[in-house]
Amino acid sequence: MASRKTKKKEGGALRAQRASSNVFSNFEQTQIQEFKEAFTLMDQNRDGFIDKEDLKDTYASLGKTNVKDDELDAMLREASGPINFTMFLNLFGEKLTSTDTEETILNAFKMLDPDGKGSIHKEYIKRLLMSQADKMTATEVDQMLEFASIDAAGNLDYKALSYVLTHGEEKEE
């Protein structure tokens, strides 16, 4: 006899059941509660789903009334189906845990390396990361640099770091 988890449920296959249970294991209980509060705020008509009208109302409550329908449609298309709370968690889980491709990260580093040397001085990258956009703390930068190959002159091999960021730590032989 099949176990409770492998039985096909009425109205949905095992895969859907497993996907919904996995998404909850990706977050701490406090995070799930915060997402639930955000979902409830966005579900303006309280039907258990976020639709285009809910998004319009949410934007309006934030003072933005000129959101185009195609922008809203694009947001809704990011989901593989109707956006209930489980789908909402899945969407945020993907956004929070995804990493850019190695090529994307390399291209970002290349913009900081006009001479194409394949390296950037660690103090330069540290200054940038601590002063631009989502500013990192010195501790966060130092933690990131622990995974970087840095030569005696202080140059960071960004190709190797891009690999580590997308594939995990390099294995020593």
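Analyst: Helix H6 (residues 102–111) and helix H9 (residues 158–167) cross at roughly 150°, with their axes coming within 9 Å. Everything here comes from a predicted model, where local features need pLDDT of at least 70, side-chain atom pairs count only at pLDDT 80 or more, and totals for chains, interfaces and linings use all residues. Numbering starts from 1 along each chain as its sequence is written, and side-chain values use heavy atoms, with hydrogens and water left out.

Helices here are DSSP runs of H or I at least four residues long, strands are runs of E of at least two, and both are numbered from the N terminus. The axes are lines fitted to C-alpha atoms, for helices over the stretch in contact, with angles between N-to-C directions running from 0 to 180 degrees. H6 is therefore roughly antiparallel to H9, since angles over 145 degrees get that label, while under 35 is roughly parallel, 65 to 115 roughly perpendicular and the rest oblique.

On the H6 side, Glu102, Ile105, Leu106, Phe109 and Lys110 make the contact; H9 answers with Tyr158, Lys159, Leu161, Ser162, Tyr163, Leu165, Thr166 and His167. Contact means heavy atoms within 4.5 Å.

Zooming out, the protein has nine helices and two strands, running α-α-α-α-α-α-β-α-α-β-α from the N terminus. Of its 173 residues, 23% count as buried (under 20% relative accessible area; exposed is over 50%, partly exposed in between, with a 1.4 Å probe and protein chains only).

Now for the cores, meaning sets of buried Ala, Val, Leu, Ile, Met, Phe, Trp, Tyr and Cys residues joined through side-chain atoms within 4.5 Å. The largest has 16 residues, and Phe27, Phe35, Ile50, Ile83, Phe85, Phe88 and Leu89 touch the most other members. Helix H2 (29–42) and helix H5 (85–97) each supply at least two residues, with H5 giving the most, five. Take Ile83: beyond its neighbours within four places in sequence, it contacts Phe39, Gly48, Phe49, Ile50, Leu76, Phe88 and Leu91. A second, separate core of twelve residues includes Leu106, Val141, Tyr158 and Leu161. Leu106, Tyr158 and Leu161 turned up in the H6 and H9 contact too.

Then there are the charges. Side chains of opposite charge can pair when their charged atoms come close. The model has five salt bridges, each a side-chain nitrogen of Lys or Arg within 4 Å of a carboxyl oxygen of Asp or Glu. Lys52 pairs with Asp69 at 4.0 Å, N to O, joining helix H3 (residues 52–61) to helix H4 (residues 69–77) across 17 residues. Lys52 is partly exposed at 23% relative accessible area, as is Asp69 at 38%.

Within H3, Glu53 and Lys56 sit three residues apart, about one turn of the helix, and their side chains form a salt bridge at 3.7 Å, N to O. Both are partly exposed, Glu53 at 44% and Lys56 at 30%. Lys56 also bridges to Asp69 at 3.3 Å, N to O; Lys56 is in H3 and Asp69 in H4, so the pair ties together parts 13 residues apart in sequence. Through shared partners, Lys52, Glu53, Lys56, Asp69 and Asp73 end up in one salt-bridge network.
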